[in-house]
Amino acid sequence: MLRIRGLVKRYDRTRADAFAVRDVALDVGAGEFFTLLGPSGCGKTTTLRCVAGLETPDEGEIRIGESVVFSGAQGRVMPVARRDIAMVFQSYAIWPHMTVAANVRFPLEAIGIRGAAAERRVAEALEMVGLGAFRDRPAPLLSGGQQQRVALARAIVKGASLLLLDEPLSNLDARLREQMRVELRDLQRRVGTTFVYVTHDQEEALALSDRVAVMRDGRVVEMGSPHDLYLRPRTAFAARFVGQADLLACTAARPEGGLLLLHTALGPVLSACFPDAPGPRLSLLVRPEHIEFAEEAASGPNLVAGRIARTVFSGRLVEYVVALDSGASLRVQGTSGRLRAEGDAVRLRLPPERCVVVEGLPEDAE
Amino acid sequence: MRAPLAARAYRLAPSLLMGALLVWLVAIPLAFLVLASLRPTGFPLDAGLTFDHYAEVYGSPGLWRLIGNSVVFALGSVAIALLLGGGLAWLVERTDLPGAGAVRALVILPMATPPLLMAIGWSMLLSPRAGALNLLLRDLLGLAEPPFNAYSMPAMVFVQGLSLTATAFLFLAPAFRNMDPSLEEAALASGASGWMLARRVLVPLLSPALLAAAVFLLIVGFVVFEIPGTLGMPARIFVLSSQLFYLASEAPGGLPLYGQVSALATLLLVVLLGFGLLYRRLTREAARFRTVTGKGFRPRRMALGAWRWPALGFACAYFLLAVGMPVGMLAWMSLMPYQVPPSVAALALATLENHRDFLDSPRVFEAAANTMLVAAVSATAVAILATLIAWFVVRLRVPGAAVLDALAFMPVAIPGVMMGVALIYVYLTLDPIIAIYGTVWILVVAYTTDYLSFGTRATGGVMAQLHPELEEAGRTSGAGASRVLRRITLPLMWPAIAAVWIWVLAHAMRELSIALMLQGRDNRVATTLLWDWWQGGEPTRAAAVGVWLVGALLVVMVAWQLLGSRLRRGSG
């Protein structure tokens, strides 16, 4: 559906090293919910705007469906208006001088659909986002969540085959954001359009997407399903960006019964999840919620002992910082079902299937 | 990878076209002016090269007095304007002044009173021989001599100060209004006294706005001609702008001394462009430290207590001095057969002769029609150009946007007399090709250029506030550039464009110095007619023209105010 190859965009034409986007390649399938995730300034919004045609890349090729909308080699740039896309903006960009219906009708007018056919489609789109009763309301008299829905209706009304969303939920408050997240996912399933979604919120990205591309400094660092990205990331950066993570520098010692034995600051650790050809710079990833408190008498691999140095109680969950006897420290997440006090001696078990070896040292993830 | 040639030409076209137009309107006249100052004949395209004009002007013994007068006049009037305007703005925005809303609405009244009419009104009040107020005070206080003299530097400074007060108010009121009260509350909560609050928090917060207003008003103080021309020239007190006028149109030899005009103008231009740059820098800084937070808040209002009524008296006194007395005097004189001070006895003399004469005369009709034509066409031209320039510079960021912006800003620093002289050079030289010299169209060119700086500031400001995503949403909806402009950008910009149109209309209607310099065969306007009658010893006929002009301006200003309040409501 969307195919990007060798995309390059410099933010300063006079400097060779001023990259906003460098050598990005992506393939998004039809009907997929695809997310570009990364910290601010990583090039995710620039990539999206290049697809929309709001910015012209310096090099590369972008193809939407069968049509080449940008080709650096052929010097070809298709105007925004002729691309088979629709877009939802961070600020919603609802036109304040129009009513709700007029906002939603605008894309139809632009492609020459008028009269009863247009009205029917406007009504359908508004119905789809639950704003059927608001059609004649002047746009400035809407709440943030309602404006967000108008923006969505305006984006789906003309039936473009690619919908681009630039941090559409970031201006909503937390509760509304969670609600809109569910609605957005439902909407995408119902209309079946391909969504390309930009966000810096990893939870949002994981909850919504079929696939996520993690970007950093203008490049795609890692791409995969939310499940793989969270549980089996390949890089230290992606591992830390998508969720809480303790990263420890490690070296691979030797295979041991299908597992990999690692040397770490915690002592020897067995991992069930490692790259086929480990490079020289490796880290061990353990997520706080995967670490288990072990019984006093427990035996087996990946057991470490220490004392609880600090607890942070936040109701449902309790976070502990455990100072290990080896001198290292680990964050561990528990529930409030069983509370432990600061100073308690504990033994921890790191499940080998959740001990993931990733490329890059912990400092590479900063 | 280079864009293909056609795409590059397409990208450069707006810059090149608009750049060429602005160079034509702004840079060419100024270049001609500088060139003329170096020609023995004083005409830019004649042969020869000389510094004689500079020697003449800068070697003249009167030069330092001229500069001294100009500085005293500009600084004095700006000081008065900031004091009165700042005081009014503070009272209206930050205190419980009774009737603050009415005062805010009435501040536009002085803007409907052209400086020329204010000067004429005050000269009728304070002229040493026949000034009505002078005679009244002399008789009341039993003095031997009339106490005031309208034809003196203090009177010039006083009247100019009054005429700039409304502008100072408009600059400072938003700064007072937009100051976040939490900043003051934080200071009070830290234990600051009232005086410390004012000195350490309020003044520093306001200083960018105050400084920007001061520099802008200083430019105006150096550029204005009307008041120095009306009150200073009869007593041979010259400032730079009236000296330019004098050299160009009333020089002793009878022939305009264009060479000297240009040499003097060049100095003024350098100084004023310096001020202009300073102003631009200051306003940019001010925008960076803007105290507006975007959240709605109610500013703290100081309780005036027993001072409420004296404060209201101060506001009323300002309106009386700036509008009531001069315009009342004009109205009275327009009903008199000759200059008679107001009294019950003189009422018997009242006649509508001047007004009838004004309405019947074809000469007057022509002047009125010219005024409306020139004002309407210039206003339209400025509105269109300013919108396009703002679009190119702020939104499209075309190549060379900074140059376009600077060129469009320069006219603010060009005195009307200088603009007039420069355009004389350009269009006398080009008369065989572009025959607009002496017609209303040369006035249209002059006003369009002169008011472009105001226009681009206003439209650029609004354009910058317009979120670019509003237009991008139009483009990603499948609309082409022209549909986005027509359906989204222009409707959203419309109130600002209309406000620019009305502002230029009002200012073109009241402008005198450019119209005087470019006066020719058939481009007489209301203000030049007024000037001729006033200078020609027919004050009562001039007064009648003045009354009608104030009436017309009032209509325009009320329209502006209504539009402004609709705009505020719309955005609020």
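Guide: Start with a definition: two strands pair if DSSP finds at least two bridges between them. Strands (E, at least two residues) and helices (H or I, at least four) are DSSP runs, numbered from the N terminus. This is a predicted model: local features need pLDDT of at least 70, side-chain atom pairs count only at pLDDT 80 or more, and totals for chains, interfaces and linings use all residues. Residues are numbered from 1 along each chain as its sequence is written, chains are lettered from A and ligands numbered from 1 in the order in which they are written, and side-chain values use heavy atoms, leaving out hydrogens and water.

Visitor: Which residue stands opposite R216(A) in β11(A)?

Guide: β10(A), residues 211-216, and β11(A), residues 219-224, run antiparallel, joined by five bridges. They form a hairpin with two residues between them. Opposite R216(A) stands R219(A).

Visitor: What is the strand order in the open sheet of five strands in chain A?

Guide: The pairing is antiparallel. The edge strands, each pairing on one side only, are β2(A) and β6(A). β1(A) and β2(A) pair over six bridges. The order is β2-β1-β4-β5-β6.

Visitor: How many disulfides does the structure hold?

Guide: A disulfide is a pair of cysteine sulfur atoms within 2.5 Å. The sulfur of C42(A) is 13 Å from the closest cysteine sulfur, in C50(A), so that pair is too far apart for a bond. Over all chains, the count is zero.

Visitor: Is C42(A) buried or exposed?

Guide: Buried means under 20% relative accessible area, exposed over 50%, partly exposed in between (1.4 Å probe, protein chains only). C42(A) has a relative accessible area of 1%. C42(A) is buried.
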